[in-house]
Amino acid sequence: MTEFFQTLVSGLSLGSIYALIALGYTMVYGIAKMLNFAHGDIIMVGAYAVITTVMISEAIPGIVAVVISVIVCVVLGVTIEFFAYRPLRKAPSLTVLITAIGVSYLLQNLALLIFGSEQKSFKLDFFDMIKPIYIGKVYINGITFLTLVVTVIIMIALTLFINKTRLGKAMRAVSEDKEAAELMGINVNRTITLTFAIGSALAAVASIFYGGAYTYIRPTTGSMPGIKAFTAAVFGGIGSIPGAMLGGILLGVIEKFAENAISQWSNAIVFVVLVIVLVVKPTGLLGKKINEKV
Amino acid sequence: MKITENSRFFTRDRITLLIISVIFLLASLLLYTDNLSRQTTNMLIPISCYIVLAVSLNLVVGLLGELSLGHAGFMSVGLFSGCLVSIALEGVLPMAARLPLSMLIGGIFAAVVGLIVGLPALRLRGDYLAIVTLACGEIIKDIINNLKITGGALGLNTLPIYSKPVELLPFAIVLVFLTVIIAMNLKHSRHGRAITAIRDNRIAAEASGINVTYYKLLVFVIAAFFAGMAGVLYGHSYSNVKSVLFDYNMSIEILVIVVLGGMGSVRGSVIAAILLRALPEALRAVADIRMLLYSVLLIAIMLLNASPKFAELRGRLSVRNLIQFFKDRRKQRSSADGKEAN
């Protein structure tokens with residue numbers, strides 16, 4: 001039983017990271033109707049921003065490095081949107097997809113050029129400050145605890161933001177119908193920029209937890225969690241914010257349990273579950289049913 | 001329209017075949033007279049495989065209009081099944097019989113998997129289908145990576161069936177021509193029109209009595225079949241193959257070729273496959289930043305292609321327009337001469 005809960009905790013922690021990244025995917029998809037394949041690489045940039053800051057001076061507290069990383073990611077996300085995606089607003093979706101893939105290659109290779117291909121260890125001072133917790137016999141280390149708490153806070157804050165504020169309302173309106181939203185006086189471009197900013201900030205936060213859990217990073221670090229988070233977003237129903245949260249957490253839990261059972265098949269099991277869910281429910285767990293009009 | 005197309009000798013398809021013939025003729029002339037550098041020689045077979053992969057993926061993406069991110073998975077199914085057959089028959093059959101046979105078997109295995117992957121495609125649309133094909137590709141990769149018969153994580157030892165580009169090139173040429181001709185004929189046939197009808201408006205196509213299920217599966221199966229055949233050829237040109245190479249990144253690479261070449265255009269896929277595979281080699285001099293350049297070029301091309309100003313410029317400078325321009329000038333001159341005579 002202890003082992004079950006232990007796996008559950010690590011699954012929830014991994015799932016929280018996936019959920020944070022998946023939120024970025026799903027929000028951008030909901031509003032700009034595009035698959036932002038470069039989103040995973042924002043995580044990698046965020047992690048490098050943290051270790052560069054810490055490398056410059058040991059005296060800089062970890063929390064400042066986190067803030068810097070968030071700022072770097074937000075600026076990067078907004079810049080990418082402005083230069084690469086905005087000119088393609090009316091282009092076919094595949095063109096945008098390939099551009100996003102190009103951006104992803106660009107970020108990876110820039111990181112490769114600047115930081116080299118060898119892995120770098122990732123450590124922040126506040127990781128050790130939080131003492132491990134025991135619930136019964138279940139061990140929860142500091143970074144796992146932090147991941148769970150921060151993710152819950154972020155999810156509550158994001159849900160409130162989307163549902164209660166004017167900007168959140170604007171975002172929902174744009175994702176519902178771009179033209180109608182524009183007629184209502186909503187600045188569509190600014191709303192999309194805001195979405196990218198929020199998504200990138202969440203990716204930066206995810207990068208810290210991911211780095212904390214895996215303790216090292218390299219230029220291709222963002223690729224796999226990016227794909228997994230994308231899977232999570234589709235799993236929950238892409239475009240749906242609660243869907244991304246649910247999908248991310250479920251995916252993390254499934255992955256950890258699969259890893260525990262037969263480790264070399266964990267990825268395959270995650271994808272098999274995904275395929276089965278999508279075949280049974282073609283628009284994901286919480287996705288809206290699309291009614292076909294003739 | 002139909003009549004003029006038929007009456008012209010140089011139809012679009014014939015020009016495409018001509019281009020491919022010239023390229024292969026040049027390549028084989030250089031290869032068999034020993035005038036090709038080692039690097040270029042080693043690129044011939046992979047490039048041919050990529051042409052086949054791109055043309056077959058183009059059937060799914062361009063013709064059927066469904067996004068597939070698992071093409072490398074089909075390729076690896078064909079590669080491993082076909083190469084295992086080839087290894088078993090090594091010494092039993094001469095290469096001229098062994099390779100086509102193993103390619104056929106690899107293709108059939110891939111087609112069966114394509115059928116299985118195509119089944120959920122009947123229920124899913126757009127990005128949901130994309131992620132399912134990606135997932136299937138990853139599942140295939142993991143399965144092959146964990147099977148004993150395929151050598152597991154160490155990869156399959158294909159040294160016994162390894163062949164030099166000199167021996168493989170004729171097979172590669174036949175495979176490319178076969179794929180291109182079948183793709184073109186499919187596109188122009190009754191079936192091709194049914195498939196494009198499904199792409200453009202599924203509901204209208206269904207209402208017109210087109211069997212959507214049948215055609216969707218058909219395209220998936222054909223594409224997987226050719227990907228599998230290309231995989232077997234690919235496997236013969238290396239002495240060891242690992243399944244982890246055929247992950248979603250490779251599928252994306254093929255997709256990039258298809259999109260850059262132009263959706264639904266066979267010729268575009270062929271040219272883009274050659275250029276994109278040769279580009280990293282051409283940029284070898286600037287090895288450190290070649291992938292960087294590649295990504296910048298990719299973004300630039302996509303942005304340029306989408307900008308209306310560039311499209312206008314390109315339209316004005318197209319060969320057809322230039323010919324038309326000179327024709328018009330001659331016509332004007334002759335009519336002006338006629339007026340003077342009057």
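How many residues of chain B are in contact with chain A? In this predicted model, 33 residues of chain B meet 36 residues of chain A. On the chain B side, the elements that supply two or more residues are helix H6 (126-146), helix H11 (248-261) and helix H13 (290-306) of chain B. H6(B) gives the most, with 11 residues.

Chain B itself is built from 15 helices and two strands. Its radius of gyration is 22 Å, close to the 20 Å that the globule rule gives for 342 residues, so chain B is as compact as a globular protein of that length. Along the principal axes, the C-alpha atoms of chain B fill a box of roughly 90 × 55 × 40 Å. Of the 342 residues in chain B, 44% are buried. Among contacts in chain B between residues at least 6 apart in sequence, 81% link residues at least 24 apart.

Most residues other than glycine have a negative phi. A:Thr215, which is not a glycine, has a positive phi near 60°. This residue, A:Thr215, sits in the loop between helix H9 (188-214) and strand S4 (216-217) of chain A. A:Thr215 is exposed, because 12 other C-beta atoms lie within 10 Å and a residue with 12 or fewer counts as exposed.

In chain B, B:Asp34 likewise has a positive phi, of about 65°, without being a glycine. B:Asp34 belongs to the loop between helix H2 (12-32) and helix H3 (38-63) of chain B. With 8 C-beta neighbours inside 10 Å, B:Asp34 is exposed.

Key:
Residues are numbered from 1 along each chain as its sequence is written. Chains are lettered from A and ligands numbered from 1 in the order in which they are written. This is a predicted model: local features need pLDDT of at least 70, side-chain atom pairs count only at pLDDT 80 or more; totals for chains, interfaces and linings use all residues. Two residues are in contact if their C-beta atoms, placed from the backbone, lie within 7 Å. Helices (H or I, at least four residues) and strands (E, at least two) are DSSP runs, numbered from the N terminus. The radius of gyration is taken over C-alpha atoms; the globule rule is 2.2 Å times the number of residues to the power 0.38. A residue is buried if 20 or more other C-beta atoms lie within 10 Å of its own, exposed if 12 or fewer, and partly exposed in between; C-beta atoms are placed from the backbone.
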